[in-house]
Amino acid sequence: MSNSTEHLVEMANDIGAYFITDKNHERARDGVRNHIERFWEPRMRRKLVEHWQRADGEGLSPLVAEAVKELAARMAAQV
Amino acid sequence: MLSKTDHDYGTPASASTQLVSVDIDGRACQVPAGSSILRAAAEAGIGVPKLCATESLEPFGSCRLCLVEVDGMRGYPASCTTPVAEGMKIRTQTPALAKLRRNTMELYISDHPLDCLTCPTNGHCELQDMAGAVGLREVRYGYAGENHLDLPKDETNPYFTFDSSKCIVCSRCVRACEEVQGTFALTIEGRGFESRVSPSAGESFLESECVSCGACVQACPTATLSEKTLIEKGQPEHSVVTTCAYCGVGCSFKAEMKGEEVVRMVPNQDGHANHGHSCVKGRFAFGYATHADRITSPMIRKSIHDAWTEVSWDEAYAYAASELKRIAAQYGKGALGGITSSRCSNEETYLVQKLVRAGFGNNNVDTCARVCHSPTGYGLKQTMGESAGTQNFDSVDHADVIFVIGANPTDGHPVFASRIKHRLRAGARLIVADPRTISLVRGPHVKADYHLKLKPGTNVALINALAHVIVTEGLVNEAFVAARCEDESYATWREFVADPANAPEAMEAITGVPAADVRAAARLYATGGNAAIYYGLGVTEHSQGSTMVMGIANLAMATGNLGREGVGVNPLRGQNNVQGACDMGSFPHELPGYRHISDTTTRTLFEGAWGVHLSPEPGLRIPNMFEAALDGSFKGLYCQGEDIVQSDPNTQHVSAALEAMECIIVQDLFLNETAKFAHVFLPGSSFLEKDGTFTNAERRISRIRRVMRPLAGKADWQITCDLANALGYPMHYAHPSEIMAEIASLTPTFTGVSYQKLDELGSIQWPCNANAPEGTPVMHVDAFVRGRGRFVVTEYVPTPERTSRKFPLLLTTGRILSQYNVGAQTRRTANSIWHAEDLIEIHPHDAEERGINDGDWVGVASRVGETVLRVHVTPRVQPGVVYTTFHFPESGANVITTDHSDWATNCPEYKVTAVQVTKVAQPSEWQRRYRAFSDEQAKLLAERHAARSDS
């Protein structure tokens with residue numbers, strides 16, 4: 001994992017650590033995905049999704065991995 | 001000495017709404033009950049001689065000049081200390097009064113040097129005026145008697161002199177230091193004829209506790225306390241009202257001028273943020289504006305290792321535009337971006353974000369609020385619906401409990417700190433949450449009821465523990481919550497904080513704060529009357545910065561401490577225009593007025609006004625720009641007023657990112673640390689050289705007004721317009737008022753703002769629109785901006801930055817009174833006499849363990865870098881914690897700080913870095929490299945001058 005990808009994974013996990021307190025799992029997952037969509041520049045999102053696709057989400061917390069999976073699907077749908 | 005344009009009513013205005021009728025010299029007057037006779041007369045246009053009275057101070061009654069006659073009262077009461085009463089008949093001019101006043105003046109003058117013609121206050125001296133007013137024609141006692149005329153002059157303070165021989169011992173300076181500033185540095189030493197004003201215990205001004213706020217100088221009715229610039233330059237001939245360019249208090253000043261030269265900066269008595277008070281920075285530290293280091297010609301170079309070439313403005317624009325276009329063509333338009341500073345005006349930051357969005361064609365724009373208060377914007381928007389503080393500063397006068405969290409107002413926001421201290425002396429209670437024993441914890445006539453001395457990085461644990469007490473002890477304002485907040489989010493939050501895991505006893509091991517103190521503080525906050533929270537970067541600059549802001553909002557909502565005077569959630573913004581820069585759409589995800597870039601309606605509005613298509617995607621934030629630069633996808637940057645190399649964390653990472661870029665355009669006053677990596681330098685203008693507006697921490701928009709021509713010929717807003725035009729995106733404004741008109745036309749919270757209204761009202765707190773045509777002092781009065789207040793669950797998540805055997809101490813960073821931010825301004829003033837270098841504070845226990853003595857050089861190493869600083873051993877910090885400032889680039893404070901950041905906003909975690917401190921004998925490796933690079937850049941700058949003289 002490159003330094004910058006590692007940094008993105010760390011940032012995504014930090015977001016996940018906040019939203020995981022929501023007992024509604026779907027809402028928590030959507031919260032992570034929505035936060036990344038609203039605040040991350042597209043190339044950062046692409047890089048995170050590429051990491052999830054290429055390395056099976058190595059280093060991502062389970063909640064964040066789920067959110068990134070959803071993010072990947074939405075990005076694919078937009079193409 | 002007051003400003004020439006100030007009218008002094010002698011005693012403070014009465015706040016009473018009840019009117020009292022009196023007769024003064026046969027004139028029927030109505031004045032508020034509680035007014036002094038002196039004030040009543042002044043309001044009626046009747047001047048009563050006075051010396052010890054001035055409007056900013058409580059009446060003292062010592063000079064015996066303002067005596068009057070009142071029917072039914074014996075003798076000659078002092079009009080300053082005698083309040084009006086219904087039906088009072090007052091005479092201010094009678095033969096008896098004239099004789100008494102002349103006799104008094106005779107005594108004053110018998111011990112005063114009669115050097116009026118060579119005195120700096122000649123023609124603007126209250127003593128001189130009073131001698132004229134009472135008709136003094138002779139001094140029967142002569143001048144040969146015992147006197148004070150040979151007393152030495154204290155010239156130790158760099159900004160003002162104290163000439164005791166001119167002192168009439170009216171105590172105005174002593175009272176100003178007490179009542180206005182709250183430092184109590186001055187006293188009257190001796191008795192009777194021996195009475196003299198003295199700083200501290202017979203020390204010089206420089207050695208004393210004096211903080212050089214200038215309140216004493218302003219209060220002095222003679223030339224005893226005089227600005228050195230006044231002595232040197234003579235009296236000003238005109239003045240212009242403007243706004244200070246330093247901290248987020250945004251003090252209003254009168255720039256007193258001689259032509260285009262500033263003689264003095266005098267705090268504006270009518271200033272809504274500061275009410276006539278100032279600090280050492282705004283009052284005196286303006287000399288940087290004309291410092292020899294100012295660069296006044298545009299410069300370009302191909303490589304950062306080339307000498308600079310001075311060029312015309314047009315050549316500079318053409319080169320910058322061609323490079324930006326080349327980069328966009330070669331790497332894509334996403335390779336460009338812009339950064340502004342909170343030292344820039346609203347109009348300037350608005351234009352830069354417009355240039356990036358409309359001209360560069362992306363949303364890669366950010367501002368330095370990213371690294372300070374971005375969590376405030378996020379947290380307050382999430383909970384209350386608006387990214388701003390809730391109150392005006394005056395609100396503190398109605399607070400019963402003041403809760404200061406992660407802020408050091410006496411150093412960071414000194415003028416507001418004086419307001420806090422004033423309120424505390426009037427009986428308000430104080431809670432401080434801070435890892436250090438800041439000055440507010442214990443000072444003259446001020447003592448915190450509770451100092452919650454938490455470990456760095458445990459804010460959220462503490463706020464949850466406070467909330468736990470409020471919820472479990474039945475202290476919630478249930479009526480407020482039911483009426484104003486969301487039921488569901490409240491219920492969820494309530495259940496969360498009530499969990500025993502959040503109890504103070506459970507959190508004590510994490511925070512280090514005794515549970516009993518937390519319980520007592522929570523009870524005081526919830527039940528002590530109006531409770532107001534003031535917080536600073538000690539809240540935001542953490543990995544959980546946004547969570548903590550939301551935790552604070554939770555606490556205020558749960559206790560009903562919102563929506564009226566005396567309460568609220570008040571972020572103390574670090575720099576003067578943090579609030580404004582954020583308001584102006586400087587964040588990459590939102591347009592002006594905090595509207596998300598993905599919102600089609602808002603974007604369409606701006607697309608229509610700007611005549612371009614706007615990207616709906618958020619852009620890169622400052623730290624993301626650095627990552628993208630290192631990845632090779634971010635190559636061109638327009639940086640206005642911000643010094644990212646010195647102020648952003650992990651300096652070596654930032655430097656490497658900038659070295660990887662191909663065109664960095666820096667617009668600044670000086671060749672700052674970032675400019676050393678630049679390819680184009682556009683010389684900017686100081687706040688004295690341009691028109692515009694700043695928005696302070698209380699959402700108050702105030703005018704800055706040009707008092708001198710820009711040294712480089714252009715105001716910053718003009719430079720941005722010119723650059724945009726060179727890039728092919730047309731930007732034409734004749735004056736910043738036109739930029740504000742555009743902002744108002746596109747931003748719902750600004751629709752009522754105009755330069756004309758600012759001139760009429762003095763300042764305006766947004767929102768200012770049809771619903772609030774004169775602005776909004778207190779927000780969320782009847783309802784929250786978002787409708788119902790939203791409680792947010794704020795689970796404590798420890799920072800990943802942990803201490804270890806290798807790095808056993810926690811470093812936290814901050815600022816001090818005399819220096820400002822990266823120091824580019826204050827280091828170029830005499831303020832450095834108080835703080836000539838950054839020091840690292842360490843507790844005596846930790847120092848002893850390491851064999852470190854006060855003044856030693858120590859190496860400070862973290863996981864990302866190492867620097868060397870001189871040490872100050874002090875119990876202000878707790879064991880296990882060290883503290884430093886970042887005002888000097890060679891200190892390298894940010895060589896140590898890490899890339900950890902707030903989860904929501906990427907605001908860096910400056911406040912928690914695990915370090916080791918060891919005694920050393922030489923600079924760090926980074927410092928050696930820094931020195932070599934700086935020397936090279938200084939040489940390249942100097943060669944620029946040689947090239948010019950050759951040509």
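Figure 1. In α3(A), the residues A:Pro42, A:Arg43, A:Met44, A:Arg45, A:Leu48, A:Val49 and A:His51 are buried, where buried means under 20% relative accessible area, exposed over 50% and partly exposed in between, with a 1.4 Å probe and protein chains only. This is a predicted model, in which local features need pLDDT of at least 70 and side-chain atom pairs count only at pLDDT 80 or more, while totals for chains, interfaces and linings use all residues. Residues are numbered from 1 along each chain as its sequence is written, chains are lettered from A and ligands numbered from 1 in the order in which they are written, and side-chain values use heavy atoms, with hydrogens and water left out. The buried residues of α3(A) pack against α1 (3–19), α2 (25–39) and α4 (62–78) of chain A, together with α22 (622–631) of chain B, contact being defined as heavy atoms within 4.5 Å. Helices (H or I, at least four residues) and strands (E, at least two) are DSSP runs, numbered from the N terminus. The expected span of a helix is 1.5 Å times one less than its number of residues, so the 14 residues of α3(A), residues 42–55, should span 20 Å, in agreement with the 20 Å between the end C-alpha atoms. At the N-terminal end, A:Glu41 caps α3(A) through a side-chain oxygen 2.9 Å from the backbone nitrogen of A:Arg43, and the helix is followed by A:Asp56, whose phi is positive, near 55°.

**Figure 2. An open sheet of 4 strands in chain B.** The strand order is β2-β1-β4-β3, with mixed pairing, and the edge strands β2 (27–32) and β3 (69–70) each pair on one side only. Two strands pair if DSSP finds at least two bridges between them; β1 (residues 19–24) and β4 (residues 89–91) of chain B do so in the parallel sense over 2 bridges, with B:Asp23 standing opposite B:Lys89 of β4(B).

Figure 3. With a disulfide taken as a pair of cysteine sulfur atoms within 2.5 Å, the count over all chains is 0. B:Cys216 is buried at a relative accessible area of 7%, and B:Cys907 is buried at 0%.

Figure 4. Not counting residues up to four places away in sequence, B:Ser226 touches B:Pro120, B:Thr121, B:Tyr159, B:Phe160, B:Thr161, B:Val217 and B:Ile231.

**Figure 5. Helix α17 of chain B and the residue with positive phi just after it.** The 13 residues of α17(B), residues 515–527, should span 18 Å at 1.5 Å a residue, and the end C-alpha atoms are 18 Å apart, which agrees. Buried residues of this helix include B:Val518, B:Arg519, B:Leu524 and B:Tyr525. Just after α17(B), B:Gly529 takes a positive phi of about 100°.

Methods: Polar contact = N/O pair within 3.5 Å; in protein donor to acceptor, adjacent residues only side chain to side chain.
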